[in-house]
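The structure is shown first.

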Amino acid sequence: MMRRKAHIMLVEDNHSDQVMVERALEDGKIACDLTILPNGQKALESLRDMLLSDSLPDLVLMDINMPVMDGKQTLQEIRADLELKHLPVVMLTTSNREKDVIESYRLGVNAYLTKPVLDSQFIKTIQQLENFWFELVVLPNKIK
């Protein structure tokens with residue numbers, strides 16, 4: 001079965017982590033487009049624009065600690081929006097604080113991953129995440 005090209009939105013303010021995710025996705029075997037945004041406010045603006053063109057991402061990867069609007073606030077806004085709440089959101093963050101994990105799941109995150117310190121482990125984590133969401137999980141073409 002031929003799959004369409006996946007679309008991932010990365011909401012991350014750290015440039016080196018942005019590059020690491022890009023590199024990991026390029027090294028993977030699943031074709032995908034990547035949209036990178038530096039904070040939650042920009043992500044919400046972009047998601048609302050994408051709604052107009054019917055081009056929402058298949059997966060949102062989001063850091064917790066960002067300027068302007070953090071990941072938990074952004075997740076809360078996504079889950080409160082009837083047209084966005086179905087989006088799979090994965091927290092990809094350096095925070096392993098139990099409080100952040102619990103609050104993220106209470107707000108409706110689909111998964112919570114801590115960023116490994118080593119570059120090689122970070123790349124492996126992204127590739128495993130990509131494999132799970134785009135090879136194993138069944139995602140709808142569109143939700144109306």
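## Helices on the sheet

Helix 5 (residues 119–136) lies across strand 1, strand 2, strand 3 (59–62), strand 4 and strand 5, and runs at about 175° to strand 4. Helices (H or I, at least four residues) and strands (E, at least two) are DSSP runs, numbered from the N terminus. Angles run from 0 to 180 degrees between N-to-C directions, with axes fitted as lines to C-alpha atoms, for helices over the stretch in contact.

The model is predicted: local features need pLDDT of at least 70 and side-chain atom pairs count only at pLDDT 80 or more, whereas totals for chains, interfaces and linings use all residues. Residues are numbered from 1 along each chain as its sequence is written, and side-chain values use heavy atoms, with hydrogens and water left out.

Five strands form an open sheet in the order 2-1-3-4-5, with parallel pairing. Strand 2 and strand 5 (111–114) are the edge strands, each pairing on one side only. From one strand to the next, the twist averages 20°. Helix 1 (residues 15–27) also packs on the sheet, where it touches strand 1 (6–11), strand 2 and strand 4, and its direction makes about 175° with that of strand 2.

Two strands are taken to pair if DSSP finds at least two bridges between them. Strand 1 is joined to strand 2 by six bridges in the parallel sense, and to strand 3 by four bridges, also parallel. Strand 4 (residues 89–93) and strand 5 run parallel and are joined by four bridges; V90 has A111 of strand 5 as its bridge partner.

Six of the six residues of strand 1 are buried (under 20% relative accessible area; exposed is over 50%, partly exposed in between, with a 1.4 Å probe and protein chains only). In a regular strand the side chains alternate between the two faces of the sheet. Both faces of strand 1 are covered, with A6, I8 and L10 buried on one side and H7, M9 and V11 buried on the other.

M9 stands opposite T35 in strand 2, and its bridge partner in strand 3 is V60. Beyond neighbours within four places in sequence, the contacts of M9 (heavy atoms within 4.5 Å) include L37, A43, L47 and M50.

## Nonpolar cores

A nonpolar core is a set of buried Ala, Val, Leu, Ile, Met, Phe, Trp, Tyr and Cys residues joined through side-chain atoms within 4.5 Å. The largest has 22 residues, and M9 and M62 have the most contacts inside it. Strand 1, helix 2, strand 3, helix 3 (71–80) and strand 4 each give two or more residues to this core, and helix 2 gives the most, with four residues. A second, separate core of 20 residues includes A24, L61, F134 and V137.

N39 is placed in the loop between strand 2 (32–37) and helix 2 (40–52). N39 is buried, at a relative accessible area of 7%. Its side chain reaches the backbone nitrogen of Q41 at 3.0 Å. Not counting residues up to four places away in sequence, N39 touches V11, M66, P67, V68 and M69.

D17 belongs to helix 1 and is buried, with a relative accessible area of 14%. Leaving aside neighbours within four places in sequence, D17 is in contact with E12, K115 and F122.

How values were computed:
Polar contact = N/O pair within 3.5 Å; in protein donor to acceptor, adjacent residues only side chain to side chain.
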